[in-house]
Structures are given as structure tokens and as C-alpha cells.
Protein chains: 2
Amino acid sequence: MQVKEIGEFGLIDRIARLLPFSSPSVVVGIGDDVAVLKTSGPEYLLATCDIQAEGIHFIRDAITPRQLGRKAVAINVSDVAAMGGNPSWILVSLAISESTDVAFIEDLYRGMSEQAALAGACIVGGNLSRLGSGLVIDITLLGQISPEHLVLRSGAQAGDSIFVTGYPGESRAGLELILRSDIEIGESFRKRVLERHLTPQPRLREGRILARSGLVHAMIDVSDGVLADLAHICEASGKGAYIPAASIPVSEAAAEVCRAAGHDVLDWVLRGGEDYELLFTADSGAATEVKNLLAETGLPCHRIGYITDRAGVIQVGEGNGIFGGSGKRGWDHFGGDKG
Amino acid sequence: MQVKEIGEFGLIDRIARLLPFSSPSVVVGIGDDVAVLKTSGPEYLLATCDIQAEGIHFIRDAITPRQLGRKAVAINVSDVAAMGGNPSWILVSLAISESTDVAFIEDLYRGMSEQAALAGACIVGGNLSRLGSGLVIDITLLGQISPEHLVLRSGAQAGDSIFVTGYPGESRAGLELILRSDIEIGESFRKRVLERHLTPQPRLREGRILARSGLVHAMIDVSDGVLADLAHICEASGKGAYIPAASIPVSEAAAEVCRAAGHDVLDWVLRGGEDYELLFTADSGAATEVKNLLAETGLPCHRIGYITDRAGVIQVGEGNGIFGGSGKRGWDHFGGDKG
């Protein structure tokens, strides 16, 4: 049996079953984006890592090394942001061919260092390795958080409202412009969606504000796609979700690119991935308060639906929903669409 | 300018200069194998990572997935051992082609989990990614240590004796048997050197005993080769070293393979790399005490020379030494021999 037959999440389930050994020091382990660990101090340690592999996660000609460096760090910061945590330290593992330009590597580190500084973290070590061809970057980000501020994906409650920041789908629209040169689109829209794809801004400040408010029950960052990440929340919480089609926020820029590319924009918004927005649930009575909290950051926030007690069922649309049914939908590193 | 022109250590120097931003929380940062970090508690956090890339660090047909998993973890444990630390948590980043056998991945994780358990650590997370072809494993190991037990590579003092555990060079002999099928060698020697290469045993217990003894001034694990790692100690300590040829420990097994392969055995012992033994310095008056401390572990320990105040000069041999001169010698991931 090959990996592609069971997909990324099937493989993670099998791996988790092989690892019986745990420890009282592990608050959250295998299966989450971020491990939560008890050190000798009052704060929890957060640990997460993410690979960017050439040809899989990026195309070398479509992104500058500086942008790539920023993005490789940003996607890890986004994971820590979604717990409400504070990024502290970064390890960089880099596997490159020996013919790689030194200037390329230096620009890559400039980008990583910039994004690290924005997040209040610093690069403290790593590893350099040769690779036959291509480029693989693995970033490990360590963060810290007071236990009382920690928000997990497992706390969603039936009746909670579901919120998402920003405009998911724009990153997918940016990717489309990279993959296809034939799409005609206005310059401001082009710039916007390319930026969203190439230099995503992790919602660190917003994550902290939300986590410290005490209003948020469950939170995750949107890396696999809104539906897939909502499925992660529902699975961890033993809940379901309902998203009325009319409540899905669609940005003008994404809609324009989608129209020009001949795609369904709701598909991009719900399953595009790499948005690095925050997806969270909070008591429905707190909706106004949540929006007011985020208003000072200038980042839009939309209520897209609510949590149900129908475990594992995520329904989108009105009654006979456009994506009715259950399961994980979105970006799977091996299997593609497992819906 | 390409990476191979300046080598691994030249690249690390350039990268370190690009990273001005540090933090009071960083006790040891870029340039060491392990970052030492101040958390909110009394213990320091240790963080290290190492990549194993197919075709560069291993040949898939020459090592079982279980052995590969053990080794990928062991080489990180070895880094923490050389500081006297306690391994706690592991993140596994794995980039694999989608046609990889699930059974292969499961055996890989079995091996990682076994070696983690031996070290008292557990796998708490990671990342799975697709790769066009081949296999890249990046392991991040987090450990903890009381500040008073920490041993760095920077503490060597002129007049210190230099010690090494076990028999460096055996791992290189094992690699030779993997690379060449034409070498005839007795079965017990073959088994011994292959084991040293394929399933290295990190010297965790020994590292802790040495660090807690208060006798050791500087310590490192031998991954790049005895001379290269001694150069790391000398550089960090602003010292030099002298190694009389007669004091270099040569195992019978390594000597036999070397003879059959037509190589110089001292070259393998001093520059072979991947030994994962401990190389350390201690007050010369403490030599007997040091050996007694390790006697209970059953691991041999040899005094191979002493630290001098001739900064950067590492002399091997009698007077006109066989490797006279300065600089780093050993395994460089890009440049090979930079001596």
C-alpha cells in the first residue's frame, strides 16, 4: 500500500497508533499542528514545524528567495498565533544542492530573519545539508504561552458561532495567476492576490487578542482550507458545523480572478488553503464583542456559520447544501480531495 | 558564487552575520549544534535538528527503515548528550514521495520511537510533506538541562587533556563496506563496523556522568570527524590542540577493514565522521578520575592529546605532524576537505 492511497491524514492516524509512549509533560501531542509541552517553568512551550519543498510548495521562479524565507517562517508563526502564543525561537533546516547560489541562500535568510523579527522571534540554530537537487526548508518554531491563554482546536461547543478573519480564497487566486499566464486581470487585484499567496501575514496580534479575551472556544489557522480546518476543529471537539452559503465572505479580487479563470469561487474560498487566516468559534452571544475586539486591528472578521452537535457532519449551503456530507475537505499533501 | 565554493562552515559564517537580531533568552545560538535557551523555568531548553537526506546521508537499500529511524533520532540525542542534557521531545518532519510504501514509513517511525524511548524522549509532533522523489527526514530534538550541568564546546583551557570515547573510525569502516562489495573481512569485524555505522549509540549516559562530574571543561559529539570537531572546540575556546600520533586509538575492526580497503586507518579515525562518540577536555590532573567515572559504563575512553594556547592550530603527530597546520578537517556537507 502506498502513501497516496491513504492520504496525509490517514498516514498521521497510523503513525499516531505506533507511538504509544507519551509523557505527563505533553499537554497536546501528535495530530495537532503545534505540540504543547510543560517545561520547568509556569509557561507552556509550543513547538511546531513545517516543510517547504521546491516543486511541491513553491516554484522557484515564481517567488523570490526573500519572499520564500518570509513565507516559510510566516506559516509557522500562523500556527502559534492560532493558539494565542508568543513565538520565541526558530531552527532552520535547509537541504540544498551544492550548486545553489550563495546570494540566494543569503536572501532566503534575510526573509526568514525579517519575518522572525516581526513575530518577536529569533533564529537560534539549525542545520545545513546537501541535497541532490531542489530545495527543502524545514522551519521549527518554538513559542511560549501562559496556560490560561491557551486556545486549542478541541474546545468548540454546539451553538458556537464560527468566525474567519480576512478573505480566504485570495491565496488560491494568487496561485492561479502563478500557474497560468493567460489570465487577464486588473493590476490592483493581481497585486493583492499575489501578495496574499507569496507573503501571507500571520495573524499573530489578532490571535493573541482573541485568546486573551476568554471569548474564543476553539481556534486554528487556515492552512489546509476553511472546510478542512473546520473539520479539524469539529473532529477534535466531537462536533459538526453548518455554514449557510450566503454567509461565506468572498473578496472582489478572488471573485474576479475566479471568473477569469473559469472556476467556482466558493470552492476556492472553502478549499483553497494557504490562507493563514484565523478560524475560530465563540459563544454566539459574544459575536459583537468579538468583532469589536478585532476592529482595532483593521482586519475584517466574518461570522460564517455555527457549530452543531452532529459530530463529524459539516454541511455547507441551504438544506441540500452544495457540499453536504461529512469528512475532511481541502488540501491533503498526498491524497488531494478526500471528500 | 556557489555554495560548494565556500563550504558548509563558510556558509554558516555568512548566515550568522545576516542575523543581527538576538535576545537575552538565547544562551547559545547560531553556530553551535544545539541552541541553549532560557524559558520561564529554572532549566534551560536545548534545541537541535538534523537532516537525513536519501542519497546524501543514507542509501535506501543499505539501511532498513527501522535502522534509519533509530539513527535519525540517535544523531540528535548525541548532540544533546554532548552538553550533558536530557532529551524530552521530538518533532519529525518527513518529506516523501507519494508512492512510498506505508509499511516503510511505519517501520521508520517504529525505529524513531524506539530510539526516542531509549533516550527518555517522546515524539510529540511534526509534519508530513510530499517530495518529488527520495526521502528527507528532519528531526528536531528538544531537551532540558540545569544550568549548572551544562557543558559547552567553548570551555577548553590550555593544558587540558583531550579525551575521546569508543573507537572513532569504525563508522567510516562500516560505510566502506556498504559502498564496496569487494572487501573481504571476517564476519565479526563486518558486523561490528556495520553496526557502528547503521545503528550508532548516542553516549547519553556518559555525557550526563561527565557533565555532572564538574571535571569536563568542553565537550562535543564526533559527527564531522575527530579533527573537525576538535577544531570546533578549539575555535569556540580560542585554543589549539596537539595530538601525538601514538595516542590515537585504533580499533582492530577498523584497522582490518582499512587494510583490506587500502586506506590509511588514521585518516578514518581522525576524519571519518558519524562516530557519535564524545570528545571532551578536562584538567590533566583529573585524567584518572575521568576514566574511573566512565569505567562503570563499560565504554572505553582514551586520552588522545592536549589543548594548547596556539589558537586555531591543531597539530597531529610528532613535531612535523602528519596533519600539521590549522583549520577544520573532516566532514563538510558541501566542500569536503577544507583543511
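Student: Which residue forms a salt bridge with Lys191(A), and how far apart are the closest N and O atoms?

Tutor: Good place to start, and keep in mind that this is a predicted model. Side chains of opposite charge can pair when their charged atoms come close. Here the partner of Lys191(A) is Glu195(A), and the closest N and O atoms are 3.3 Å apart.

Student: Where in chain A do Lys191(A) and Glu195(A) lie?

Tutor: The two residues are 4 residues apart, about one turn of the helix. Both sit in one element of chain A, helix H5 (residues 187-198).

Student: Which parts of chain A does the salt bridge between Arg203(A) and Glu277(A) tie together, and how many residues apart are they in sequence?

Tutor: The side chains of Arg203(A) and Glu277(A) meet at 2.8 Å, N to O. Arg203(A) is in the loop between H5 and helix H6 (204-213), while Glu277(A) is in the loop between helix H9 (265-271) and strand E10 (278-282), so the pair ties together parts of chain A that are 74 residues apart in sequence.

Student: What does the side chain of Ser171(A) reach at 3.0 Å?

Tutor: Ser171(A) belongs to helix H4 (residues 170-179) of chain A, and because its relative accessibility is 2%, Ser171(A) counts as buried. Leaving out residues up to four places away in sequence, Ser171(A) touches Arg196(A), His197(A), Gly273(A), Glu274(A) and Asp275(A). What the side chain reaches at 3.0 Å is the backbone oxygen of Glu274(A).

Student: Asp33(A) and Arg153(A) also meet in a salt bridge. Which of them counts as buried?

Tutor: The side chains of Asp33(A) and Arg153(A) meet at 3.2 Å, N to O. The pair links distant parts of the chain, 120 residues apart. Asp33(A) has 28% relative accessibility, so Asp33(A) counts as partly exposed. With a relative accessibility of 9%, the residue that counts as buried is Arg153(A).

Student: Now for the two chains: what rotation superposes chain B on chain A?

Tutor: The superposition has an RMSD of 0.0 Å, with 0.0 Å of shift along the axis, and the rotation is 180°. The two copies are thus related as by a two-fold rotation axis. Of the residues of chain B, the one that comes closest to this axis, at 1.6 Å (C-alpha), is Gly41(B).

Student: Why do the copies meet through the same surface?

Tutor: In chain B, 73 residues are in contact with 73 residues of chain A. The copies meet through the same surface because the share of chain B interface residues that are also interface residues in chain A is 100%.

Student: How much area do chain B and chain A bury between them?

Tutor: Of the buried area, 69% is on carbon and sulfur atoms. In chain B, Val102(B), Leu128(B) and Arg130(B) lose the most area to chain A, together 10% of what that side buries. The area that the two chains bury between them is about 6,300 Å².

Student: How many salt bridges are there between chain B and chain A?

Tutor: One salt bridge joins the side chains of Glu106(B) and Arg14(A) at 3.0 Å, N to O. The count between chain B and chain A is 2.

How values were computed
Residues numbered from 1 in each chain as written. Chains lettered and ligands numbered in written order. Predicted model: local features only at pLDDT ≥ 70, side-chain atom pairs only at ≥ 80, totals over all residues. Heavy atoms only, no water. Contact = heavy atoms within 4.5 Å. Buried area = accessible area lost by both parts, 1.4 Å probe. Salt bridge = Lys/Arg side-chain N within 4 Å of Asp/Glu carboxyl O. Buried < 20%, exposed > 50% of the residue type's maximum accessible area, 1.4 Å probe, protein only. Polar contact = N/O pair within 3.5 Å; in protein donor to acceptor, adjacent residues only side chain to side chain. Least-squares fit on C-alpha atoms with pLDDT ≥ 70 in both.
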